Amino acid sequence: MEAILIPLGNGLLQAFEPLNLFMIFAGCLAGLFVGCMPGLGSVNGVAILLPVTFLVPPTAAIIFLAALYYGAMYGGAISSITLGIPGASTAVATVFDGRPMAQRGEADKALMAAAIASFIGGTVSIVLFTLFAPPLAAFALKFGPQEEFALMLLAFATFIGLGGDDIPKTIFSILLGLVMAAIGFDIISGQPRMIFFDMVEFQRGIGFLVLAIGIY
Amino acid sequence: MTVRSAELLMGIATLLLSLGLMWNVWADGLTIGWVEGRGPGAGMWPFWLSLGMALASLATIVRWVQGKTPESRSLEPYIANETIFLVVVSAVSIFVLLVLMNVIGTYLSLMLFMLFYVRFLGKHTWGMTMAFVLGAPIFVYLLFEVALNKYLPKGWPMFEEGFLWLDNFRWQYFY
């Protein structure tokens with residue numbers, strides 16, 4: 001337990017330094033703006049503002065990016081409630097309850113409820129994650145190829161279960177995603193496959209950051 | 001276009017896409033089967049997964065013919081006309097912005113885009129238009145070039161030299 005609490009205490013002391021407090025404020029403010037915009041999401045905002053690490057010490061930069069992520073989580077609720085357009089993909093569910101409340105004139109209650117829910121959810125999840133991270137990491141390191149295959153199978157079965165009545169379309173989406181992952185060089189034989197129009201950029205495959213910014 | 005015809009068109013388009021992917025794998029000459037002692041051939045995953053995609057598209061078309069999904073029976077318009085206009089105009093203007101970024105530079109094309117979007121599409125006042133036309137390039141410059149130290153495309157050398165004057169000024173007097 002001491003192995004967790006002592007570094008946590010050190011980190012908390014660092015968080016109260018003036019520069020880091022300002023980074024928290026600036027990060028949350030930027031995150032609110034980023035989350036509010038329907039085109040930008042939390043992953044987008046962090047990816048675009050990563051070069052902040054050049055300007056400030058690394059601790060302050062990580063604090064800024066984390067505060068941006070948290071701010072974007074709540075900022076999505078603002079445009080969901082007031083405009084009915086989800087600001088981030090995490091705020092889609094807020095539209096269902098928040099928009100009717102705003103149309104009845106109770107937008108302030110909806111925004112406050114979203115803020116308090118974000119706060120409680122974030123705090124509880126951080127505490128649980130900090131406590132359970134070391135045993136979870138030790139367990140995850142034991143995952144082999146069979147377990148990863150089982151995870152993938154569980155994910156695809158969940159998609160089909162949640163896909164509703166239109167199963168062929170869900171299967172098509174799953175297979176399209178798998179085929180897009182096959183673009184690039186084959187791991188086993190090293191042959192290039194599906195390099196469209198001989199563009200060199202396809203040889204690396206479709207990057208995760210590109211997908212995260214484009215889709216989320 | 002009704003929702004019904006859009007569903008059929010999408011089914012046919014996905015079928016053609018899947019068949020195209022299968023043909024692409026076959027035309028590249030990749031091994032489609034299992035290589036003895038080594039594992040799956042290079043073309044196995046793309047080919048057989050694309051075959052699955054083709055079968056799923058065929059199933060969608062068959063279900064459309066049978067009328068099983070609600071989309072295959074609905075006769076509502078697929079997209080409203082004003083939505084199509086807005087989407088097409090926005091997409092074309094952003095594409096022109098991207099092309100112009102490599103010709104006249106990021107900031108000039110951003111100013112033209114703001115002028116078109118805020119004044120001609122959004123029909124706002126000239127005051128608000130000028131605020132965006134001047135404010136957006138300044139904000140982008142301060143955020144990306146000064147703060148994050150990223151060099152944005154400046155277009156052809158003729159236009160790039162004009163901006164290099166600004167960069168020289170900044171580096172000479174501020175650092």
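**Notebook: where chain B meets chain A**

I began with polar contacts across the interface of chain B and chain A, and the rule finds two residue pairs, both at pLDDT 80 or more. A polar contact here is a pair of N or O atoms within 3.5 Å; within protein, one must be able to donate a hydrogen and the other to accept it, and residues adjacent in sequence count only if both atoms are side-chain atoms.

I noted that this is a predicted model: local features need pLDDT of at least 70, side-chain atom pairs count only at pLDDT 80 or more, and totals for chains, interfaces and linings use all residues. Residues are numbered from 1 along each chain as its sequence is written, chains are lettered from A in the order in which they are written, and side-chain values use heavy atoms, leaving out hydrogens and water.

Next I looked up salt bridges (a side-chain nitrogen of Lys or Arg within 4 Å of a carboxyl oxygen of Asp or Glu). There are two between chain B and chain A. B:Glu7 pairs with A:Lys169 in a salt bridge, with the closest N and O atoms 3.0 Å apart.

Then I checked the extent of the contact (heavy atoms within 4.5 Å). I found 30 residues from chain B and 24 residues from chain A taking part.

Leaving aside neighbours within four places in sequence, B:Asn24 is in contact with A:Met194 and A:Phe196.
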